[in-house]
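These entries record what I looked up in the structure shown below. I took the items one at a time.

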Amino acid sequence: MLHFTCDMCGQSLNGERYEVRVDVRPAFDPDELDEIDLDLDHLDEIAATIDQMESTGDFELTDCGVKSFRYDLCPHCRERYTQDPLGQDTLKRVSFSQN
Ligand SMILES: [Zn+2]
């Protein structure tokens with residue numbers, strides 16, 4: 001039998017378990033953006049990128065790639081996660097405490 005633990009608090013999950021799936025993907029057309037980027041100011045940068053691609057053989061646009069995440073949560077952490085999925089409250093609290 002598979003054993004799951006909560007990815008937020010580490011608690012063992014027996015029975016009630018929630019799954020979070022997050023996909024971060026481009027909502028624009030990367031090809032279209034490349035044409036806009038073909039500006040004279042960027043030629044050196046583009047040449048460097050092409051050199052790098054040729055040397056590594058990596059033609060993937062890593063910055064535009066789909067990033068997928070999967071987490072298991074206990075009921076308590078599910079509640080916390082759904083109230084603030086992007087951690088915005090946490091970030092605000094951190095910046096306030098610095099003043
Ligand atoms: Zn938890």
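I began with F69, whose relative accessible area of 37% makes it partly exposed. The model is a predicted one, and I read every value here as computed from it. I then located F69 in strand β4. Next I asked which residues make a nonpolar surface patch with it. I found V24, F69 and Y71, which together make a patch of about 260 Å².

I looked up the aromatic pairs and noted a count of one. The rings concerned belong to F69 and Y71; their centres are 6.4 Å apart and their planes lie at 5°, so I recorded the pair as stacked. Stacking requires planes under 30 degrees apart. For Y71 I noted a relative accessibility of 34%, so this residue is partly exposed.

I counted four helices and four strands in the chain. Their order along the sequence is β-β-β-α-α-β-α-α. The chain has 99 residues, and I noted that 10% of them are buried.

Which protein atoms are the donors of the zinc ion? I listed the SG atoms of C6, C9, C74 and C77, at 2.2 to 2.3 Å from the ion. The donor spacing in sequence reads C-x2-C-x64-C-x2-C. I noted that C6, in the loop between β1 (4-5) and β2 (12-13), and C74, in the loop between β4 (67-73) and α3 (75-83), link distant parts of the chain, 68 residues apart. Both C6 and C74 are buried.

I recorded seven salt bridges. In one of them D72 meets R17, with the closest N and O atoms 2.7 Å apart. Because D72 lies in strand β4 and R17 in the loop between β2 and β3 (18-24), this pair ties together parts that are 55 residues apart in sequence.

I found D89 and K92 joined by a salt bridge at 3.9 Å, N to O. They are three residues apart in helix α4 (residues 88-97), so about one helical turn separates them. Elsewhere, I traced salt bridges with shared partners that join R17, E19, R21, R70 and D72 into one network.

Technical notes:
Residues are numbered from 1 along each chain as its sequence is written. This is a predicted model: local features need pLDDT of at least 70, side-chain atom pairs count only at pLDDT 80 or more; totals for chains, interfaces and linings use all residues. Side-chain values use heavy atoms; hydrogens and water are left out. Donors are N, O and S atoms within 2.8 Å of the metal (3.2 Å for Na, K and Ca); water is not among the atoms, so sites may look incomplete. Helices (H or I, at least four residues) and strands (E, at least two) are DSSP runs, numbered from the N terminus. Buried means under 20% relative accessible area, exposed over 50%, partly exposed in between (1.4 Å probe, protein chains only). Patches are made of residues with over 30% relative accessible area and no salt bridge: like charges are joined within 9 Å, nonpolar side chains (Val, Leu, Ile, Met, Phe, Trp, Tyr) within 5 Å. Accessible areas come from the Shrake-Rupley method with a 1.4 Å probe; for residues, only the protein chains shown count as cover. A salt bridge is a side-chain nitrogen of Lys or Arg within 4 Å of a carboxyl oxygen of Asp or Glu. Rings of Phe, Tyr and Trp (its six-membered ring) pair if their centres lie within 6.5 Å; planes under 30 degrees apart count as stacked, over 60 as edge-to-face and the rest as tilted.
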